[in-house]
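Please view the sequence and the structure together while reading.

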Amino acid sequence: MGSIFYDIQFRNEFYDRFQNDYDYEDILDQLENNFIDLANRAYKLSCAYLESKNLLSFFSDFKNEINKYFISRNDTLSSKYHDESGNSYSEFISSLWSYLSVFPAFNDNDESILKRSGLIYLENILESSSVILEERKIKPKNEVEISRNVKFVTKSVFPNSQYPSQPFLKTAKCYIPDILIPSLNCAIEYKLALDESKLTSTIDEILIDVKGYENNPDYKIFYAVFCVKSGICTRKRFYKIWEEKGFPQNWKGIYVESNI
């Protein structure tokens, strides 16, 4: 939910960068609907958990507090600005955690929290690959040019980033990560597609390699970033194709339209 919320905030904050995308409204609606669906599920699961604790007064306060976020769609998506960090945060998530965090089952260690925050930053960087290329006045002709310029940013944010030149695992046939970030236990690969046929065939190539990366002791999360020529496929269609391929939960495809 936190990741989806920041995606929504990012799109609203940098509206000028996305306003010309013909599917901007559809993607934003999809993100907001996903957040609302998860909010409802999180609320129901939390109610079941707290009810099992038989803390009647605490449970009553919880319901009175959280129910106000379900009066309307805007209430569920409401945010507040945090002066010290300079960031907006979800009021719903904040209220939910204020009740759940008192229980040991929901206490988290600092390392895990930092990793989750790091992945949110990383995904925003990957989603903004086209913006990075535009700012650096690069019109990429191949995948190397894309990853080389994004590495400049990932290295600044994650100093321990690595850039292997050999296959990540000997069992892999095609997949050679462009970026490894040990602190986040993740690997990133950039792919370039000028038409939908190339896009779908590249997705299939990556799917073949998934088995080769199971049970890796160091890297658990994998990103495949597809930089595509504008107009060859909608973002909604891409994520539908990705979903239908049946990738594991630790693999995430990211769709970026670029001026190729």
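Which residues does S161 touch, not counting residues up to four places away in sequence? The model is predicted, and the contacts of S161 in it are T154, K155, I179, L180 and I181. S161 belongs to the loop between α9 (143–157) and β3 (179–181).

**Two serine sites**

- S161 has a relative accessibility of 5% and therefore counts as buried, the limit being under 20%.
- S147 lies in helix α9.
- With 2% relative accessibility, S147 also counts as buried.
- Leaving aside residues up to four places away in sequence, S147 touches D178 and Y190.

**The sheet**

- Four strands form an open sheet in the order β3-β4-β5-β6, and the pairing is mixed.
- The edge positions are held by β3 and β6, each of which has a single partner strand, so one side of each lacks a neighbour in the sheet.
- On average, neighbouring strands of this sheet are turned by 20 degrees against each other, direction ignored.
- Strands of a sheet pair through backbone hydrogen bonds, in either the parallel or the antiparallel sense.
- Between β3 and strand β4 (residues 186–193) the pairing is antiparallel and runs over three bridges.
- I181 has C186 in β4 as its bridge partner, and I181 is also one of the residues that S161 touches.
- Strand β5 (residues 221–229) pairs with β6 in the parallel sense, over eight bridges.
- The bridge partner of Y223 in β6 is K252.
- Strand β6 (residues 251–258) has seven of its eight residues buried, so the rest of the structure largely encloses this strand.
- β6 is thus an edge strand in the sheet, yet β6 is largely enclosed by the rest of the structure.

**Helices on the sheet**

- Helix α10 (residues 196–209) lies across β4, β5 and β6.
- The direction of α10 is at about 165 degrees to β5.
- Helix α11 (residues 235–245) packs on the sheet and touches β5 and β6.
- The direction of α11 makes about 155 degrees with that of β6.

**Packing of α1 on α3**

- Helix α1 (residues 2–13) packs with helix α3 (residues 24–52) at an angle of about 150 degrees, and their axes are 9 Å apart.
- α1 is therefore roughly antiparallel to α3, because angles over 145 degrees count as such.
- The crossing of these two helices, α1 and α3, is left-handed.
- On the α1 side the contact is made by I4, F5, D7, I8, R11 and N12.
- On the α3 side the contact is made by Y24, I27, L28, L31, E32, N34, F35 and L38.
- By class, the residues of the contact of α1 with α3 are nine nonpolar, two polar and three charged.

**Packing of α3 on α6**

- α3 and helix α6 (residues 91–100) pack at about 15 degrees, with axes 12 Å apart.
- α3 and α6 are therefore roughly parallel to each other, because angles under 35 degrees count as such.
- The crossing of α3 and α6 is left-handed.
- F35, A39, A42 and S46 of α3 meet F92, I93, L96 and L100 of α6 in this contact.
- The residues of the contact of α3 with α6 are seven nonpolar and one polar, with no charged residue.
- F35 of α3 takes part in the contact with α1 and in the contact with α6.

Notes: Residues are numbered from 1 along each chain as its sequence is written. This is a predicted model: local features need pLDDT of at least 70, side-chain atom pairs count only at pLDDT 80 or more; totals for chains, interfaces and linings use all residues. Side-chain values use heavy atoms; hydrogens and water are left out. Axes are lines fitted to C-alpha atoms, for helices over the stretch in contact, and angles run from 0 to 180 degrees between N-to-C directions. Angles under 35 degrees count as roughly parallel, over 145 as roughly antiparallel, 65 to 115 as roughly perpendicular and the rest as oblique. A crossing is left-handed if the near helix is turned anticlockwise from the far one by less than a right angle, and right-handed if clockwise. Contact means heavy atoms within 4.5 Å. Ala, Val, Leu, Ile, Met, Phe, Trp, Tyr, Cys and Pro count as nonpolar, Asp, Glu, Lys and Arg as charged, and the others, Gly among them, as polar. Buried means under 20% relative accessible area, exposed over 50%, partly exposed in between (1.4 Å probe, protein chains only). Two strands pair if DSSP finds at least two bridges between them.
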